[in-house]
Amino acid sequence: MTHPWFAGAETPRVLAHRGLVTPDAAESGIVENSFAAVATAHSAGATYVESDCHLTADGVVVLFHDEDLTRVTGDPRRIAQVTVSELETLMAGRGGLITLAQALDAFPTVRFNLDVKAMDAATAVGTTVAPYGDRVLLTSFSDDRRRAALAAAAAAGGGILPATSAGTATIARLLAALSTRSDRLVARALRGIDALQIPERQRRLRVVTPRLLAAAHRHEVEVHVWTVNEPADMRRLVELGVDGIVTDRADIALDLLS
């Protein structure tokens, strides 16, 4: 059966990458993964918001991409070294801090695509999203982190388990299986996977190919491509057959693809 995260929404899916920060908002100091960025994506009509999870020093999951605060706030400390209160102060003029729990409660119609960025956050992420499993997809570059978060969600007993997309090692196994043209190996690589969230290219390697798309769709797995900001690229990839576009410009993608 189709996981509820995918149900009732048309493809191609537009995933608002770290929320939505328009050029005007950026000029006024709003940053990615802030409360304002998620709210703007929601207001623009995005059903899906992609974000990232780290754990603070006092054990709260926050939406933040980098492991430290340097790029976003100029503070060199790691997320794991600061408290929620300190982060709220740092983010006050940048769109506002948003915790994972706040995001799930404040935006009940949004479906979240959550990248677990640190192993120490995995259990807390899984436990937090357990009651909301119908509208959460868990992912990570690390399959270990992804599985740890899923296991925590299962242990918390929220009902429907979150959907999940493949980590780097799983994608590597899939690409190796495709090179052998063995559907049995492809099926094994895709077992338990709901989506592949991948770049179009990884250095010189073309990742998104007609063969990969056909294999994924044959096994009822969607393919979402990141991070696509040019309208021509959005249109070209959708024509190729991808199921979702992860983009910093969800406003443009929604207008173009709806």
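**Contacts, strands and a pocket**

Setting aside residues up to four places away in sequence, Leu237 touches Glu200, Val225, Val228, Val242 and Ile245, where a contact means heavy atoms within 4.5 Å. The model is a predicted one, so local features need a pLDDT of at least 70 and side-chain atom pairs count only at pLDDT 80 or more, while totals for chains, interfaces and linings use all residues. Residues are numbered from 1 along each chain as its sequence is written, and side-chain values use heavy atoms, with hydrogens and water left out.

Leu237 sits in helix 11, which covers residues 231-240. Helices here are DSSP runs of H or I with at least four residues, strands are runs of E with at least two, and both are numbered from the N terminus. With a relative accessible area of 0%, Leu237 is buried. That word stands for under 20% relative accessible area, exposed for over 50%, and partly exposed for anything in between, using a 1.4 Å probe and protein chains only. Val208 is 29 residues away from Leu237 along the chain, yet the two C-alpha atoms are 9.0 Å apart.

Next comes strand 2, residues 48-55. It is mostly covered, since 8 of its 8 residues are buried.

What does strand 2 pair with in the parallel sense? Two strands pair if DSSP finds at least two bridges between them. Strand 1 is one parallel partner, over 3 bridges, with Ala16 standing opposite Val49. Strand 4 is another, over 6 bridges, and there Tyr48 has Arg111 as its bridge partner.

Apart from neighbours within four places in sequence, Lys117 is in contact with Asp52, Cys53, His54, Phe64, His65, Phe141 and Arg145. The side chain of Lys117 also makes a polar contact, at 3.1 Å, with the side chain of Asp115. A polar contact is a pair of N or O atoms within 3.5 Å; within protein, one must be able to donate a hydrogen and the other to accept it, and residues adjacent in sequence count only if both atoms are side-chain atoms.

Then there is the empty space. Rolling a probe the size of a water molecule over the atoms shows where such space is left. The largest pocket holds about 500 Å³. Of the 28 residues lining this pocket, Phe141, Gln197, Ile198, Pro199 and Trp226 are the closest to its centre. A pocket is an open set of points on a 1 Å grid over the protein atoms alone, where a 1.4 Å probe fits and protein lies on both sides within 12 Å along at least five of seven lines; lining residues have an atom within 4 Å of a point. Grid points are joined across faces, edges and corners, and the volume is the space filled by probe spheres set on the points.

Strand 1 (13-17), strand 2, strand 4 (111-116), helix 8 (168-180) and strand 7 (195-199) each give at least two residues to the lining of the largest pocket. Helix 8 gives the most, with 4 residues. By type, the lining splits into 12 nonpolar, 11 polar and 5 charged residues. Here Ala, Val, Leu, Ile, Met, Phe, Trp, Tyr, Cys and Pro count as nonpolar, Asp, Glu, Lys and Arg as charged, and the others, Gly among them, as polar.

Most residues other than glycine have a negative phi, and most peptide bonds are trans. A cis bond joins Thr11 and Pro12, with omega about 0 degrees, and Pro12 lies in the segment before strand 1. Another cis bond joins Trp226 and Thr227, with omega about -25 degrees. Asn33 has a positive phi near 60 degrees and is buried at 2% relative accessibility. Arg203 has a positive phi near 55 degrees, but counts as exposed at 74%.
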